[in-house]
Amino acid sequence: MEDSYRHKGMRRKLVNEIRKKGILDENILEAIYRVPRHLFLDSGFLNFAYEDKPFPIGAGQTISQPYTVAFQTELLQVKPGDKILEIGTGSGYQACVLAALGADVYSIERQKKLYEKACDFLPRLGFEVHLFYGDGYLGLPELAPYDGILITAAAPEIPETLFEQLKTGGVLVSPVGSGDVQTMVRYIKQKNGKRKEERFGLFRFVPLLKNTAND
Ligand code: SAH
């Protein structure tokens, strides 16, 4: 669990690269700097950890590209103390970036192995995230409402129950679509219950699947 000067230097370079790509929120860049991404990859892949690329994390899943993590985080408009629900814990990297921003993070994963790995690893890393094994399609109604909901897998459509778990004025960010590439969409829940919808270009995510799994 080493985070050396070399790792920090690589991370600083990554942050500069992401800034050049258009992420301007210094709090988000600082959060990316604070989370040691190389520790989320199996050792031996250090050289890949600080490239701005997605990477396999086992169980057929990927840790998102750092730029994409920063971009989704920016769209979510997180403030310290915000209660955020993430669908798709995966490695837990995105959840830690949200926690580093001071958010109160709840994250759901449908693959038991990934859930268990995150339960073991995140506390050792010093990040407090509330982790749940379950089906993100259902959200976590017992702990609702949330200031923000972040879906980190491609949703063919957004389940209505997730909108119900959002506060008025709350933000839901998700890649939407069922093809190879999806459109990044931000929804803001209005007072009248309607949603304002904005689109932000094309991204490539693994699909949001139904039901839980042990694979
Ligand atoms: N946020 C992750 C990357 C997520 S990859 C990170 O920072 O590493 C997408 C994840 O969503 C995968 O781990 C996948 O197993 C999970 N997933 C897919 N469908 C799901 C569902 N219905 N509920 C919860 N998690 C789901």
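Which residue takes a positive phi in the hairpin of β1 and β2? A59 does, with a value near 55°, in a hairpin that has two residues between its strands. The model is a predicted one, in which local features need pLDDT of at least 70 and side-chain atom pairs count only at pLDDT 80 or more, while totals for chains, interfaces and linings use all residues. Residues are numbered from 1 along each chain as its sequence is written, and side-chain values use heavy atoms, with hydrogens and water left out.

Helices (H or I, at least four residues) and strands (E, at least two) are DSSP runs, numbered from the N terminus. Two strands are said to pair if DSSP finds at least two bridges between them. By that criterion β1 and β2 pair in the antiparallel sense, over three bridges, and P56 stands opposite T62 of β2.

The open sheet is formed by seven strands in the order β5-β4-β3-β6-β7-β8-β9, with mixed pairing. Its edge strands, β5 and β9 (195-203), each pair on one side only. From one strand to the next the twist averages 15°; axes are lines fitted to C-alpha atoms, for helices over the stretch in contact, and angles run from 0 to 180 degrees between N-to-C directions. Within this sheet, β7 (residues 166-176) and β8 (residues 182-189) are antiparallel partners over six bridges, and L172 stands opposite Y187 in β8. Helix α6 packs on the sheet, where it touches β4 and β5, and its direction makes about 160° with that of β5.

Helix α6 comprises 14 residues (112-125) and should span 20 Å at 1.5 Å a residue, which agrees with the 20 Å between its end C-alpha atoms; the expected span is 1.5 Å times one less than the number of residues. L114, A118, F121, L122 and L125 of α6 are buried, that is, under 20% relative accessible area with a 1.4 Å probe, protein chains only. An α-helix has 3.6 residues a turn, so residues three or four places apart point the same way. The cover over the buried residues of α6 includes β1 (55-58), β2 (61-63), α5 (93-100), β4 (104-109) and β5 (130-133), contact meaning heavy atoms within 4.5 Å. After α6 comes G126, whose phi is positive, near 95°.

The ligand is surrounded by 27 residues, the closest being G88, S91, E109, G136 and L209; a residue counts as near if one of its heavy atoms lies within 4 Å. Polar contacts are pairs of N or O atoms within 3.5 Å. A backbone N or O atom of G136 lies 2.7 Å from a nitrogen atom of the ligand, and one of R110 lies 3.3 Å from a ligand nitrogen atom. A polar backbone atom of Q94 is 3.0 Å from an oxygen atom of the ligand.

Methods. Buried means under 20% relative accessible area, exposed over 50%, partly exposed in between (1.4 Å probe, protein chains only). A polar contact is a pair of N or O atoms within 3.5 Å; within protein, one must be able to donate a hydrogen and the other to accept it, and residues adjacent in sequence count only if both atoms are side-chain atoms.
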